[in-house]
Amino acid sequence: MIYYENLFNSNKKFVEEFRIKFNDVLNSGWFILGNEVKNFENEFASMHNVKHCVGVASGLDALTISLLASGIPEGSEVLVPSNTYIATILSILHAKMKPVLVEPDIKTYNIDPNKIEEKISSKTKAIMIVHLYGKSCEMDPIVELFKKYNLVLIEDCAQSHGAKYKGKLTGTFGDFGAFSFYPTKNLGALGDAGAVISNNDEYADRLIKFRNYGSSKKYYNELVGFNSRLDEIQAALLSVKLKYLDEINNHKRKLAKIYLENLKDDFIKPVVDENYFDVYHIFNIRHNKRDQLKEYLLTHKIQTEIHYPVPPHKQQAMQGIIFGEYPISEEIHNTTLSLPCSFGHSEEEIYRVVEVMNKF
Ligand SMILES: *Cc1c(COP(=O)(O)O)cnc(C)c1O
């Protein structure tokens with residue numbers, strides 16, 4: 001069986017270094033907000049050439065706390081792509097704001113910059129973009145718009161660690177770059193973890209308070225905060241893996257190239273453009289007989305996934321909250337299929353998937 005992803009295989013290379021780090025943390029006797037979190041935050045900020053990184057408990061929290069730290073009022077409208085993982089939209093609701101969905105570009109699967117302006121109202125205060133599947137959004141027009149309308153720009157980078165647009169890393173274009181280190185992400189912990197990067201001192205100060213009960217001085221609470229801290233253990237393991245992020249991304253890019261060059265044209269493949277450095281968190285294709293293709297691959301012992309089977313506006317939880325029709329998002333959800341493309345996969349396995357796929 002070629003699994004979609006086997007997380008033991010994806011982490012095998014790091015096991016010895018993980019054990020050493022685990023012992024370090026255990027022996028230190030310090031498990032919350034200590035040197036390991038500080039170190040990782042410094043390393044992650046330095047990789048992005050930004051002033052601040054604040055570790056939090058998850059990607060969802062990174063997004064929610066960014067919205068709150070921005071200081072925009074409850075009830076504000078936040079623009080968000082109609083095809084994203086539900087967490088992006090949940091963060092807006094948890095921050096007591098209103099998601100306003102913008103359709104994606106059918107070629108890139110990311111928010112369509114040409115459809116943003118028509119959704120801006122007097123209540124619009126922020127735009128939360130998502131660099132889906134490991135491809136940056138088209139940033140030039142987005143940066144122009146968020147400046148023109150004085151919006152807060154939050155980048156959901158949960159799928160885009162190390163991805164670039166015109167040589168610039170995702171997460172560094174706006175006010176906040178929100179990351180998840182969920183185990184399957186390109187930079188994945190061995191549990192839940194997340195972080196926010198920012199160049200703004202005031203925002204960083206509020207992020208630090210929000211993640212820790214609204215407090216920066218023990219037992220003095222200035223904000224209505226959360227318990228959303230990055231664990232010392234996860235931070236230590238993430239420091240190990242951060243050194244290998246380029247290697248992980250390059251491996252995924254190498255596997256993606258095999259698909260791009262060898263899959264027959266019946267499958268709609270991700271677009272490649274010299275302005276984009278894609279990290280293929282997910283390598284997807286689209287096909288009209290997606291469900292049949294998935295079944296066929298499974299009978300040939302190839303496991304695939306669908307990211308995602310149900311669009312956010314059709315989720316039961318969003319009934320009465322999100323209105324309107326989003327046919328482009330639905331088209332993507334109905335046809336997309338994610339192929340094996342992880343750090344734990346070999347080139348041989350990818351050639352095998354190609355061989356079977358091309359006989360469909
Ligand atoms: C994974 C993911 C999140 C949420 O991250 P968690 O760490 O699971 O909370 C948010 N947005 C996108 C696009 C994601 O893929």
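The legends below describe close-up views of a predicted model.

Residues are numbered from 1 along each chain as its sequence is written. In this predicted model, local features need pLDDT of at least 70 and side-chain atom pairs count only at pLDDT 80 or more, whereas totals for chains, interfaces and linings use all residues; side-chain values use heavy atoms, with hydrogens and water left out.

**View 1**
The chain is divided into domain 1 (7-102 + 112-242) and domain 2 (245-357), with bounds that come from an automatic or database domain assignment. A distance of 24 Å separates the C-alpha centres of domain 1 and domain 2. To the contact, domain 1 gives 36 residues and domain 2 gives 32 residues; contact means heavy atoms within 4.5 Å.

**View 1. The largest nonpolar core.**
A nonpolar core is a set of buried Ala, Val, Leu, Ile, Met, Phe, Trp, Tyr and Cys residues joined through side-chain atoms within 4.5 Å. Buried means under 20% relative accessible area, exposed means over 50%, and partly exposed lies in between (1.4 Å probe, protein chains only). The largest such core holds 29 residues, and L67 and F176 have the most contacts inside it. Two or more residues each are given to this core by β1 (52-56), α4 (59-69), β2 (77-81), α5 (86-94), β4 (124-130), β5 (152-156), β8 (176-180) and α7 (201-210). Helices (H or I, at least four residues) and strands (E, at least two) are DSSP runs, numbered from the N terminus. The largest share of the core, five residues, comes from α4. Domain 1 (7-102 + 112-242) and domain 2 (245-357) each supply at least three residues to this core.

Neighbours within four places in sequence being left aside, L67 is in contact with I72, V78, S91, I92, A95, M97, M128 and I154. Another core, of 23 residues, lies apart from the largest one, and its members include I258, F283, I350 and V356. In soluble globular proteins, nonpolar side chains tend to be buried together.

Strand β4 is mostly covered, six of its seven residues being buried. Strands β2 and β4 run parallel and are joined by three bridges; two strands pair if DSSP finds at least two bridges between them. V78 is placed opposite A126 in β4. Strands β4 and β5 also run parallel, with five bridges joining them. The bridge partner of A126 in β5 is V152.

**View 2. The exposed loop residue E74.**
E74 is placed in the loop between α4 and β2. With a relative accessible area of 60%, E74 is exposed. Residues up to four places away in sequence not being counted, E74 touches A95 and K96. E74 and H345 are 271 residues apart along the chain, and their C-alpha atoms are separated by 45 Å.

**View 3. The sheet β7-β6-β10.**
Three strands form an open sheet in the order β7-β6-β10, with antiparallel pairing. Strands β7 (168-169) and β10 (276-277) stand at the edges, each with a single partner strand, so one side of each is left without a neighbour in the sheet. Two bridges connect β6 (residues 164-165) to β7, and these strands run antiparallel. K164 is found opposite L169 in β7.

**View 4. The two sides of helix α10.**
In helix α10 (residues 290-299), the buried residues include R290, L293, Y296 and L297. Seen down the axis of α10, its buried residues fall within an arc of 120°, so they line one face of the helix; the arc is that of the directions from the helix axis to the C-beta atoms. Elements that cover these buried residues include β11 (283-286), α11 (327-335), β12 (336-339) and α12 (347-357). On the other side of α10, D291, E295 and T299 are exposed. Just after α10, K301 takes a positive phi of about 60°.

C137 is in no disulfide, the nearest cysteine sulfur being that of C157, 9.0 Å away. C137 has 0% relative accessibility and counts as buried. The sulfur of C341 lies 19 Å from the closest cysteine sulfur, in C157, and this is too far for a bond. C341, at 4% relative accessibility, also counts as buried.

Definitions and conventions
Disulfide = S-S within 2.5 Å.
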